[in-house]
Amino acid sequence: MLSGTGGTPPARHSRKDIIMDSIITQGVTIPRLGFGTFRMPGADAQPVVESAMALGYRHIDTAAMYENEAAVGAAVAASGVDRNKLFITTKAWHDQLGPDALYRALDTSLRKLRLDHVDLYMIHWPSRDMDMAATLEALVALKERGLTRAIGVCNFNLPMIRRAVEDIGVPIASVQLEYHPFLSQAPMLAYLRGRGIPLTAYAPLAQGRAANEPVLAGLGRKHGTSAAQMAIAWLLDQEGVIVIPKAARRESQKANLDALTIRLDDDDRAAIAALPKDQRYVRPPFAPDWDASA
Ligand SMILES: NC(=O)c1ccc[n+]([C@@H]2O[C@H](COP(=O)([O-])OP(=O)(O)OC[C@H]3O[C@@H](n4cnc5c(N)ncnc54)[C@H](OP(=O)(O)O)[C@@H]3O)[C@@H](O)[C@H]2O)c1
């Protein structure tokens with residue numbers, strides 16, 4: 001049954017229980033629901049991040065490329081939340097992957113964020129001409145210097161991840177990838193689960209498209225929630241998945257946080273599994289070959 005026709009909505013956990021939901025990886029504890037900050041450049045991001053933190057978000061995802069690290073830093077400083085209660089991720093752009101450049105990039109990010117360390121520092125995109133071993137060894141060195149508590153990569157395809165983990169031996173705390181109800185990450189998830197590495201789902205709402213998808217909307221009616229909340233709940237339902245929706249509007253920030261309390265049943269899972277799973281919306285020209293098999 002996809003749409004609600006009465007009856008008792010499925011059981012939910014209380015928000016207090018769920019907000020503690022987190023994943024421990026490589027010695028850090030990552031809240032499973034974080035706050036994305038892409039496409040909010042400049043000072044306008046500060047009140048948005050302040051609003052999210054006031055609602056209870058403690059995991060903030062930014063990047064040098066988003067041009068809002070200073071605003072995120074200002075919001076964190078204004079929040080009064082203990083630094084050790086926060087999980088802050090930032091990322092190095094793909095033209096900063098030489099060992100010296102990577103150090104300078106993180107140093108610049110830390111100054112803007114007004115922090116002496118971040119919790120997770122990630123390679124934002126691989127570059128075709130990078131020396132992967134040298135780049136990842138430089139990333140490890142930043143962790144060893146205490147400038148970041150953990151390290152990770154975004155947008156690596158499966159052969160790249162295997163090389164990083166198995167050949168180079170990098171202690172990857174998470175891999176960040178596009179993942180939502182319209183895109184499969186099955187082979188990647190199977191591999192990462194086997195290695196105990198969580199996948200952080202970016203564009204979890206398919207950049208907002210999930211909010212208007214009829215199947216998700218139908219499931220939402222059954223649960224008394226929205227289509228967007230169902231997309232987030234579907235990701236949170238999966239072992240080893242962290243979710244970082246972005247929402248400028250306070251109502252959406254709160255709705256996405258409330259998705260932590262939704263419990264999917266097997267009918268929900270089957271309906272979402274049946275949606276097309278080949279829709280990749282983030283396709284820059286420098287992306288790796290996503291069809292490369294390991
Ligand atoms: N590593 C990477 O290469 C990479 C790439 C892309 C994204 N990311 C990260 O992942 C985060 C999330 O991805 P994203 O920002 O691209 O897309 P997204 O989170 O899938 O979608 C954001 C869009 O959905 C809307 N929205 C949010 N909550 C909603 C709700 N409850 N109901 C209806 N609409 C809602 C937002 O509207 P409003 O903002 O107007 O409220 C916004 O337009 C980014 O912000 C960034 O931190 C990383």
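This is a predicted model: local features need pLDDT of at least 70, side-chain atom pairs count only at pLDDT 80 or more; totals for chains, interfaces and linings use all residues.
View 1. Strand S1 (residues 22-25) and strand S2 (residues 28-31) run antiparallel and are joined by four bridges. The two strands form a hairpin, with two residues between them. Gln26 lies in the turn of this hairpin and has a positive phi of about 50°.

View 2. Eight strands make up an open sheet with parallel pairing, in the order S3-S4-S5-S6-S7-S8-S9-S10. Its edge strands are strand S3 (35-36) and strand S10 (241-243), each of which pairs on one side only. Strands of a sheet pair through backbone hydrogen bonds, either parallel or antiparallel. Strand S9 (residues 199-202) pairs with S10 in the parallel sense, over three bridges. Within this pairing, Thr200 has Ile242 of S10 as its bridge partner.

**View 3. Helix H4 on the sheet.** Helix H4 (residues 99-113) packs on the sheet, where it touches strand S5 (87-92) and strand S6 (120-123). The direction of H4 makes about 140° with that of S5.

**View 4. The crossing of helices H3 and H4.** The axes of helix H3 (residues 69-79) and H4 come within 7 Å and cross at roughly 45°. At this angle, H3 is oblique to H4. On the H3 side the contact is made by Glu69, Ala70, Val72 and Gly73, and on the H4 side by Ser109, Lys112 and Leu113. By class, the residues of this contact of H3 with H4 are three nonpolar, two polar and two charged.

**View 5. The crossing of helices H6 and H7.** Helix H6 (residues 158-167) and helix H7 (residues 186-195) have axes that come within 10 Å and cross at roughly 15°. H6 is therefore roughly parallel to H7. The crossing of H6 and H7 is left-handed. Leu158, Ile161 and Val165 of H6 make the contact with Pro187, Met188, Tyr191 and Arg195 of H7. The contact of H6 with H7 has six nonpolar residues, no polar residues and one charged residue.

**View 6. The crossing of helices H2 and H10.** The axes of helix H2 (residues 45-55) and H10 come within 10 Å, with a crossing angle of roughly 35°. This crossing of H2 and H10 is right-handed. H2 contributes Ser51, Ala52 and Leu55 to the contact, while H10 contributes Arg250, Gln253, Lys254 and Leu257. The residues of the contact of H2 with H10 divide into three nonpolar, two polar and two charged.

**View 7. The shell around the ligand.** The ligand is surrounded by 28 residues, of which the closest are Gly36, Phe38, Leu205, Gly208 and Lys246. By class, the shell consists of 15 nonpolar, ten polar and three charged residues. Helix H10 (residues 250-258) gives the most to this shell, with three residues. H10 is also the helix whose axis crosses that of H2 at roughly 35°.

Definitions and conventions
Residues are numbered from 1 along each chain as its sequence is written. A residue is near a molecule or strand if its C-beta atom, placed from the backbone, lies within 6 Å of it. Ala, Val, Leu, Ile, Met, Phe, Trp, Tyr, Cys and Pro count as nonpolar, Asp, Glu, Lys and Arg as charged, and the others, Gly among them, as polar. Axes are lines fitted to C-alpha atoms, for helices over the stretch in contact, and angles run from 0 to 180 degrees between N-to-C directions. Angles under 35 degrees count as roughly parallel, over 145 as roughly antiparallel, 65 to 115 as roughly perpendicular and the rest as oblique. A crossing is left-handed if the near helix is turned anticlockwise from the far one by less than a right angle, and right-handed if clockwise. Two residues are in contact if their C-beta atoms, placed from the backbone, lie within 7 Å. Two strands pair if DSSP finds at least two bridges between them.
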